[in-house]
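Visitor: Could you walk me through this one? I'd like to go over a few helices and some charged pairs.

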Amino acid sequence: MNPSIPVVVTDDSNKSQYSKYGYWCCNSLVPITTLPAIFIFISAGMHLALGLGFIPIYNTYGNLRHFEFSWFIGVIIGAVACLPLLWYAPKKCVMLTSSVLILIDGIILTSAPTNAGPLLAGRYLNGIAVGLATITFLMHVSEIASNSYRGSCSAIEQFSLTLGIAIQMIYGSQWSPFATFPDLRVLGILDILFALAAGLLAQFCFIESPIVGLLKKDEALAWNALAHLELPKTVSTTTKERFMELKEYVNYEDSLDLMDDIKRGALPLAKMILFRSMILAFSFSLPLSEALNLGAVTNHLTWPAIVAACLRIFGGCLAYPQIDYIGRKLPSLVCAVIIGGLLIGIGGICQNYINLFLERPMAIVTSLCLLVQFFAGAYAPFTSAYLGEAFPLKLKGYFIAVCVVVEQLIHIIVICTFKRVNGAAYIAPGVLTILAAVALLVTIPETRKTSLKEAQGRFRHLLHLRMY
């Protein structure tokens, strides 16, 4: 990974052919470069599930609602704090900072697993780390990945979150409510391990984006970054094509002023707030977790959370290969419509208060919640792919931050307003999800195997009726 290693110019026509179909990923270090983020986002998924109901309730936590939404506030702080660092701090340093914050969070949770003050501090630190890493990762990976597998590399963010959610759902739901120590000690130990892994990988495997060199008018730095993203470290015909594509993209973006970027980013921002912030937040929420847990208690079951976690991972595994090989628009919106329909079904049953105490209706609610988790796992990876390519270069981090902040605000509002399982808590999000999916069906573009310049150009148009 040492930038001083000399590169060899080769004419690798076979690799250029393979890259059309995504096989070049096997000859690229891009997947290795994303490894630090995987461990950060697995930790994030565990804390996300922790705030959305998958933890026994202990009096030692103090204000339970504050404990639940504290992590989301931390993510907002981290996303905002990341903005001034975008153009002045190397992305490697930001990822290392995130790793250190998660390490401190893990030490706090391990040392004081039942003390409300330290637990809140740990939750805030983890949230700040995730906010920093999310903006940095989505910007970075969309720049370094080839057009043929940019979506699947970006989807690592949500797929890793899914793994973390599944871990917390499984052991958090099975933990005895009468245990001496709550499961936060286990979470703290895992955070320490994830932080150490992420820090080491960021130190030795992280490669800066070639766009950084092009923005600095340093073509040698950009060439060096591109060469080090290949395995072996060479400058091939494909590398030359990639360099010219990125150079044209940066020159075009650099020629536009601030107002041009704001105008070009406003419409994509509206689309992504619906697609990423709202639908994703509704697909995994505190009301859904409470409905699943209530259904399990009513029917004296212990397995629903485990099955839900497995179904969410299975959904993500099915969606992952579709992103770059089948398409993004139609599969994701089909999942969104189904999620909305399932939410309305859950709300229809829970609308009758008597049903909450009857085994058969709550068994149906449990089944619907399980299906929601499957389709939510399938939907989530598409949001990362679109979020990394929707916005103009110079304001990209700011627009991504807005989407991330809005997503966390939705979670906070739902947590603070949710009192008990009732129909409105599911029908309203279900209707909004379906309406958003219908609107996106005619407005969001298909961006599979397009360049960043072409993808952003498609997002700027209001209507896109093509499904592929």
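Guide: One term before we start: two residues are in contact, or touch, when heavy atoms of theirs lie within 4.5 Å. Please also keep in mind that this is a predicted model.

Visitor: Fine. Which residues does Lys247 touch, leaving out those up to four places away in sequence?

Guide: Lys247, which lies in helix α12, touches Leu214 and Glu219 once residues up to four places away in sequence are set aside. With Glu219 the contact includes a salt bridge, in which the closest N and O atoms are 2.8 Å apart.

Visitor: Where do the two partners of that bridge sit in the chain?

Guide: Glu219 belongs to helix α11, residues 219-228, and Lys247 to helix α12, residues 237-254, so that the pair links distant parts of the chain, 28 residues apart.

Visitor: And how accessible are Glu219 and Lys247?

Guide: Glu219 has a relative accessible area of 35% and is partly exposed, and Lys247, with 24%, is partly exposed too. The cut-offs behind that wording are under 20% for buried and over 50% for exposed, with partly exposed in between.

Visitor: How many salt bridges does the structure hold?

Guide: There are 13 salt bridges in the structure. In general, side chains of opposite charge can pair when their charged atoms come close. Some of the residues here are linked in a network of salt bridges, namely Arg150, Asp324, Arg328 and Glu389.

Visitor: Are Arg264 and Asp261 buried or exposed?

Guide: Both Arg264 and Asp261 are buried, and their side chains meet in a salt bridge at 2.7 Å, N to O. They are three residues apart in helix α13, and therefore about one helical turn separates them.

Visitor: What about Met259, where does that lie?

Guide: Met259 lies in helix α13 as well, and with a relative accessible area of 46% this residue is partly exposed. Its C-alpha atom is separated by 23 Å from that of Thr443, which is 184 residues away along the chain.

Visitor: Let's stay with α13. At what angle does the axis of α13 cross that of α17?

Guide: Helix α13, residues 258-283, and helix α17, residues 329-350, have axes that come within 10 Å and cross at roughly 45 degrees, which means that α13 is oblique to α17. The crossing of these two helices is left-handed.

Visitor: Which residues meet there?

Guide: From α13 there are Phe275, Ile279, Phe282 and Ser283, and they meet Ser332, Leu333, Ala336, Ile339 and Leu343 of α17. Sorted by class, this contact has seven nonpolar residues, two polar ones and no charged ones.

Visitor: And how do α13 and α18 run relative to each other?

Guide: The axes of α13 and helix α18, residues 359-387, come within 10 Å and cross at roughly 155 degrees, so α13 is roughly antiparallel to α18. This crossing is left-handed.

Visitor: Which residues of α13 are in that contact?

Guide: On the α13 side they are Met272, Phe275, Arg276, Ile279, Leu280 and Ser283, and their partners in α18 include Val372, Ala376, Tyr379 and Phe382. By class, the contact of α13 with α18 has eleven nonpolar, four polar and one charged residues.

Visitor: New topic: what is the phi of Lys217?

Guide: Lys217 has a positive phi of about 60 degrees although it is not a glycine. As background, most residues other than glycine have a negative phi. Lys217 sits in the loop between α10 and α11 and counts as exposed, at 58% relative accessibility.

Visitor: And what about Lys449?

Guide: Lys449, likewise not a glycine, has a positive phi of about 55 degrees. The residue lies in the loop between α20 and α21, and Lys449 is partly exposed, with a relative accessible area of 30%.

How values were computed. Residues are numbered from 1 along each chain as its sequence is written. This is a predicted model: local features need pLDDT of at least 70, side-chain atom pairs count only at pLDDT 80 or more; totals for chains, interfaces and linings use all residues. Side-chain values use heavy atoms; hydrogens and water are left out. Axes are lines fitted to C-alpha atoms, for helices over the stretch in contact, and angles run from 0 to 180 degrees between N-to-C directions. Helices (H or I, at least four residues) and strands (E, at least two) are DSSP runs, numbered from the N terminus. Angles under 35 degrees count as roughly parallel, over 145 as roughly antiparallel, 65 to 115 as roughly perpendicular and the rest as oblique. A crossing is left-handed if the near helix is turned anticlockwise from the far one by less than a right angle, and right-handed if clockwise. Ala, Val, Leu, Ile, Met, Phe, Trp, Tyr, Cys and Pro count as nonpolar, Asp, Glu, Lys and Arg as charged, and the others, Gly among them, as polar. A salt bridge is a side-chain nitrogen of Lys or Arg within 4 Å of a carboxyl oxygen of Asp or Glu. Buried means under 20% relative accessible area, exposed over 50%, partly exposed in between (1.4 Å probe, protein chains only).
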